[in-house]
Each structure stands twice: as structure tokens, then as C-alpha cells.
Amino acid sequence: MNLVFVSAEAAPFSKAGGLADVAGSLPEALTPYLDSVTTITPLYGQIDTEKHNILATGERGHIDMGEETFHYALHQLNDPDATAHVIFIECAPLFGRQGIYTKANGEGFDDNNIRYFFFQLVVLDVLTRGIVKADLLHCNDHHTGLLPLLLKDTDLSTRTVFTIHNFLYHGHFSVADCANLPDGIVKHLTRTQWDNFSALLEGIDHSDVVTTVSPGYAKELIEGINVDAHSHTILQRAIHKFSGIVNGIDTSYWNPEKDQYTPHHYSAENIHGKMDNKLALLKETGLDADTDAPLFGSISRLVENKGFPLIVDLLDEFVALGAKFVFLGSGDPVITDQLQSAQQKHPGRIAFDAGFNEPLAHLIEAGSDIFLMPSRFEPCGLNQLYSLRYGTIPLVNRTGGLGDTVSDYKGNDGTGFVFEPYELDALRNAMKRTLQVFKSEDQWSSLIQRAMAEDFSWDQSAKQYYNLYKS
Ligand code: GLC
């Protein structure tokens, strides 16, 4: 069985969100089960080809897109440690820019429809020309949503899996945008309204199997939570082929015993280094250096659905109770302003780094006491999994993957703090409960031990994907 995994982003080469982490680690975890695994992704301008040893394969081609023809060249990762192949599509006019989906100011590129139609047509070209062999094509999110339909128009017998990483992002395009797609495809697209279609729903409708990134989120989607009426109809049609598989994490990159970015290393048996990292984190972010006060960490895109409206309302109150906060992330300008003013109002108690900072992300995981992740909804979530591994106790809303991976503290049981419903009072109570338990050194250390004993490596999930592929 030869598998091709298609993703618009893949860590460590390109990353806008959790999809990149999955595309960077799941294919590697699948190689023991399959004859070959190949990831295909665009070669963005931000990718450092020299550093990663990415070289042209010599294969080239072109795609006619309406009035324009775009040429592509294939490149390949040359890494003796990698077991999965990674192929990059080079097309300077479409991918040779810094951003993945957006300009520096956060606005989406105007030609994203052309960029991702092209991406998918190149994948199709590579398969039909036999450059890469695929018995199975694993598509991810709307940037790859047309591939299952495109494949049906060919002689290939390749079967398709489509994974939803976040149902919020549909890829709505108007049929008028489709001059560059084969006619045979356009007539099969299901219009939503005003002649628009959703690339995400096309993927769901036309693939052989659909998955999402946790059983909890699969259940919510099927039940129609946060789902509009049209999408609900399409999801109901897909029930028989729909399941949820929780994401794993890259346990060598996220390893408190060997983390390349943290000054101190530690394990469940030898936890001292965690406190040293806390001190390093406090110093690094300009927070008061008393290690006794509870420290809440947060690493997130700054968007409404990650729970910021609730968090922001509680900061004054919890600073008054002695807590400290460190935030890392970028996104919504309103939330950015709110966190900036909170930092100015409480110097030494609240720190905020507006940006993308991988070393700081690791130090926050290693040095915080509590990881704050009260998302309104969360397909899977990865930071709560990194937190468990680093003994940083996650505080989460019971939704999607968060509810599947964190269990609520109950005396001698539980790995974190889980609240519901998504309301200010429920979050406030959970934070108070957390501070209460934090005061008891014994209770807190056994909670850390239970959190660190959890195993979210890819082994289990890769096996589940393999079984699905076989079926
Ligand atoms: C998206 C989801 C997140 C998930 C990730 C990887 O970013 O929002 O919950 O963990 O994809 O599947």
C-alpha cells in the first residue's frame, strides 16, 4: 500500500497551525505499516531549502489554468533520518512568497483560489503521470478538498481519505472562479448559495472515508453543533464513512528530557528542572521572579474561539489572587490590544509576546504550572498534549479533543481541570479550583505525575489510521 499525504503546510518546513504539526509527524509514524509514504506540499518562499537540504528532482510539468499556464518543478527532501518522502511543488509566481495563506498584515492572498486549485491539479498530474504511486490519497482540509472529485475523473483506482482539522475553514469559492478547473469537475460541485461551493464539503462528500481529529469533535459535527443547515445535510450523508482519530504528538521534538530550547531538562522521576525552567521563563518574560506564585501559560492564535473573551475578563481578578500569566500568540488586533493593556496594567504579573516564537513556546510548556486552554470549540488541540507531557496542568473546556484527552481532577484521579459550559463563571470556578489544589504540594505533585504518565505518541493513532486505510 502506497500512501500519498497531501497538506498545504507541513512542519518544520512551513507552519500556520496544528495541521502543519500533524503533516510533519503522522506520515513518519505511518511508514512502518506501509510500502511507501510520500507527503506533497507547496514550496513556499519562507522555506529554507539549503538548511533542510531540499533539492530539485528534475521532474517538471505545467498546468493550464484558464488563460494562464503555470509551470512547476518538483523538489525533494534529502534527509537520511526521514522514513517518509517529502515532495515540494515549486511554482514561484504562486508559492514563492513569504506567507502561506496570508500577507504580513493577516489578510488572505487574493489568488488563494488559483494557488490551491493549482496545488491540487499538480498533485493530480504527478499521480496520473505515475511520478508518484498512490493506492491511497490522504487529503487534509479544504486546500485539498477537490482532489477526491478530481480523481474520479481519471483512470486511477486510488482511494481517498479526507481529514477535517477545523470545520470553521471551508474554502468558499464561487463557481465563476473555476475557469481554471476541468469542466467535468465543475458540474459536480454542490452549490451552497449564490453559486458558491465549499471545498471542505466537496472533500467530505466525494472521499471514500472522512475523519476528523478526535472522536469528540466527530460527535459534535454529526450532532450539528456549530454547523449550518447545508453543511449538516452533507455531514449526515457522510455518517456511514465518518470517524474521529485523536492526533498524536512528536514525542522527540516535545520531550522535557531533551528539549533543545529549554535551559533545564527534567522527567517525571526527576522533576527539579521544571522549577528551574519556571525561573528562566519568569526572567525571560520580565515577570516577578518569585517561583511560589502559580503561573498560567497560554500559546495560541489570538482568536475568539480560543476563549480569549473569557480569559481577558478574568485577568484582574486572578492577578489580585496572586496568579501570574504569560501569553504567546498573534492574531486578532482587538485581542492583541487587550493583552497589551493587561500587560501594561500589571507589570511583573502579566507578560505578552505578540508573535511566533518557537523557543519561547517550549519554555512556556516547560516552565508554566498551568496551561490555559478554554477554547469554545477545539477539533483536537495539541498544546494540551504537549502540556501533559511537560507536567504543565491543562485547564480546558470540555469540548472536542480537549474533552477526549484531559480528565478532570478528582482527588486521586484526573490529569487536569475541565469545565463546562463555556461561560465566564464556569471558567472562573475552574481557575479557583486549580489555585486551591496548587496550594497543596502533595496533591499538585501527584497531579503532575499522572499528567506526565499519559501517552499521546502517534503509535495508537497511526495504528487506527492504518486500520482505516486497510478497510
Ligand atoms: C486545527 C485545529 C486543532 C487541531 C489541529 C491539527 O488547527 O484547530 O484543534 O489540533 O488542526 O489537527
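User: How many bridges join strand β1 to strand β2, and do the two strands run parallel or antiparallel?

Analyst: The model is a predicted one. In this model, strand β1 (residues 2-6) and strand β2 (residues 36-42) are joined by 5 bridges and run parallel. Two strands count as paired if there are at least two bridges between them, so β1 and β2 qualify with their 5. As one example of a bridge, L3 has V37 as its partner in β2.

User: To which sheet do these strands belong, and what makes β3 and β11 edge strands?

Analyst: They belong to an open sheet of 9 strands, in the order β3-β4-β5-β2-β1-β6-β7-β10-β11, with mixed pairing. The strands β3 (54-65) and β11 (242-244) each pair on one side only, and they are the edge strands. From one strand to the next, the twist averages 25 degrees.

User: Which helices lie against this sheet?

Analyst: Helix α7 packs on it and touches β7 (159-164) and β10 (209-212), its direction making about 135 degrees with that of β7. Helix α8 (residues 215-223) lies across β7, β10 and β11, and runs at about 140 degrees to β11.

User: Why is α7 called roughly parallel to α9?

Analyst: The axes of α7 (residues 199-206) and α9 (residues 229-237) cross at roughly 20 degrees and come within 9 Å. Angles under 35 degrees count as roughly parallel, and therefore α7 is roughly parallel to α9. The crossing in which α7 passes α9 is left-handed.

User: Which residues meet where α7 and α9 are in contact, and of what classes are they?

Analyst: From α7 come L201, I204 and D205, which meet H230, S231, I234, L235 and R237 of α9. By class, this contact has 4 nonpolar, 2 polar and 2 charged residues.

User: Why does S7 count as buried?

Analyst: The relative accessibility of S7 is 0%, and buried means under 20%, so S7 is buried. S7 is placed in the loop between β1 and α1 (18-30). Leaving aside residues up to four places away in sequence, S7 touches L19, A23, I40, T41, P42, F119, N140 and T144.

User: In what order do the strands of the sheet with β12 and β13 stand, and what is its pairing?

Analyst: This open sheet has 6 strands in the order β14-β13-β12-β15-β16-β17, and the pairing is parallel. Its edge strands, β14 (350-353) and β17 (417-419), each pair on one side only. On average, neighbouring strands here are turned by 15 degrees against each other, direction ignored.

User: How do you know that β12 and β13 pair, and which helices pack on this sheet?

Analyst: Strand β12 (residues 295-299) and strand β13 (residues 324-328) share 5 bridges in the parallel sense, and F296 stands opposite F325 in β13. Helix α11 (residues 308-320) lies across β12, β13, β14 and β15 (370-373), at about 150 degrees to β13. Helix α12 (residues 333-345) touches β13 and β14, and its direction makes about 140 degrees with that of β14.

User: What makes β16 a mostly covered strand?

Analyst: In strand β16 (residues 393-397), 5 of its 5 residues are buried. Both faces are covered, with I393, L395 and N397 buried on one side and P394 and V396 buried on the other. Strand β16 also pairs with β15 in the parallel sense over 4 bridges, where I370 stands opposite I393.

Conventions:
Residues numbered from 1 in each chain as written. Predicted model: local features only at pLDDT ≥ 70, side-chain atom pairs only at ≥ 80, totals over all residues. Heavy atoms only, no water. Axes fitted to C-alpha atoms, helices over the stretch in contact; angles between N-to-C directions. Parallel < 35°, antiparallel > 145°, perpendicular 65-115°, else oblique. Left-handed = near helix turned anticlockwise from the far one by under 90°. Contact = heavy atoms within 4.5 Å. Nonpolar A, V, L, I, M, F, W, Y, C, P; charged D, E, K, R; others polar. Buried < 20%, exposed > 50% of the residue type's maximum accessible area, 1.4 Å probe, protein only.
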